[in-house]
Amino acid sequence: MTVEISRALKADSVLGLQLGGRIFPNTAPLKTPVPYLVFQGIGSDPEHTLDCGAVNENNQYQLVVWHNNIKEAEAVRLRAIKVLEKAGFFYQGKHPDSEDFETKLYGRGWDMSYWSDI
C-alpha cells in the first residue's frame with residue numbers, strides 16, 4: 001500500500017502542486033526542497049481466525065511533513081490526512097513533532113493504518 005500513499009497525495013489538486021514528486025519512503029535526499037513528505041511502515045497486525053490463517057492485516061504507517069515554516073507544515077499535514085482518509089487509510093493520531101536544528105526544518109508527523117488483504 002505504500003504506492004497508494006504517493007499516488008493519492010500526488011492526485012490531490014493542492015498537494016500534487018505543493019509536494020510534486022517529493023514524497024519519499026524512509027528518507028529524503030539531502031537538500032530536498034521543502035515541503036516534502038517521508039513515510040515508513042511501522043508494522044502490521046494480521047487478523048487471524050480459528051479456521052484459517054490470516055486473511056487480512058492492518059498495516060501501520062508513520063508520515064512526516066518537513067518544512068521551514070511550521071504553520072505551512074501543519075497545513076500540509078492536515079490536508080494529507082484528509083486525502084489519505086478518502087483513499088481508505090485510517091488516522092491513528094499525531095506523534096511528537098520534530099525540529100532539525102542543522103537544517104532548520106520542522107517535522108509535523110502522524111500515524112495512519114490501512115487494512116489490506118494478504
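**Chatting through the charged pairs and the core**

Colleague: Let's start with Arg-7: what is its relative accessibility?

Modeller: This is a predicted model, and in it Arg-7 has 48% relative accessibility, which makes it partly exposed. The cut-offs are under 20% for buried and over 50% for exposed, so a value in between counts as partly exposed.

Colleague: Which side chain meets Arg-7 in a salt bridge?

Modeller: That would be Glu-4, with 2.8 Å from N to O. Glu-4 is partly exposed too, at 25% relative accessibility.

Colleague: And how far apart are Arg-7 and Glu-4 along helix 1?

Modeller: They are three residues apart, which means about one helical turn separates them. In general, side chains of opposite charge can pair when their charged atoms come close.

Colleague: How many salt bridges turn up in the whole structure?

Modeller: Six. One of them is between the side chains of Glu-74 and Arg-77, at 2.5 Å from N to O. Those two sit in helix 3, three residues apart, or about one turn of the helix.

Colleague: Are Glu-74 and Arg-77 buried or exposed?

Modeller: Both are buried.

Colleague: Okay, what does Asp-97 form a salt bridge with?

Modeller: With Arg-108, where the closest N and O atoms are 2.7 Å apart. This pair links distant parts of the chain, eleven residues apart: Asp-97 is in the loop between strand 4 and strand 5, while Arg-108 is in strand 6. Asp-97 is partly exposed at 37% relative accessibility, whereas Arg-108, at 14%, is buried.

Colleague: Switching topic! Which residues touch the most other members of the largest nonpolar core?

Modeller: Leu-9, Leu-37, Leu-63, Leu-84 and Trp-110, out of 21 residues in that core. Elements giving two or more residues to this core include helix 1, helix 2, strand 2 and strand 3. Helix 3 gives the largest share, six residues.

Colleague: Why would nonpolar residues gather like that?

Modeller: In soluble globular proteins, nonpolar side chains tend to be buried together.

Colleague: Leaving aside its neighbours within four places in sequence, what is Leu-63 in contact with?

Modeller: Its contacts include Ile-5, Leu-37, Phe-39, Leu-84, Trp-110 and Met-112. Arg-108, the salt-bridge partner of Asp-97, is also in contact with Leu-63.

Colleague: And how many residues are in the other core?

Modeller: Six, among them Tyr-36, Val-64, Trp-66 and Leu-105. That core lies apart from the largest one.

Definitions and conventions:
Residues numbered from 1 in each chain as written. Predicted model: local features only at pLDDT ≥ 70, side-chain atom pairs only at ≥ 80, totals over all residues. Heavy atoms only, no water. Core = buried A, V, L, I, M, F, W, Y, C linked by side-chain atoms within 4.5 Å. Buried < 20%, exposed > 50% of the residue type's maximum accessible area, 1.4 Å probe, protein only. Helix = DSSP H or I, 4+ residues; strand = E, 2+ residues; numbered from the N terminus. Contact = heavy atoms within 4.5 Å. Salt bridge = Lys/Arg side-chain N within 4 Å of Asp/Glu carboxyl O.
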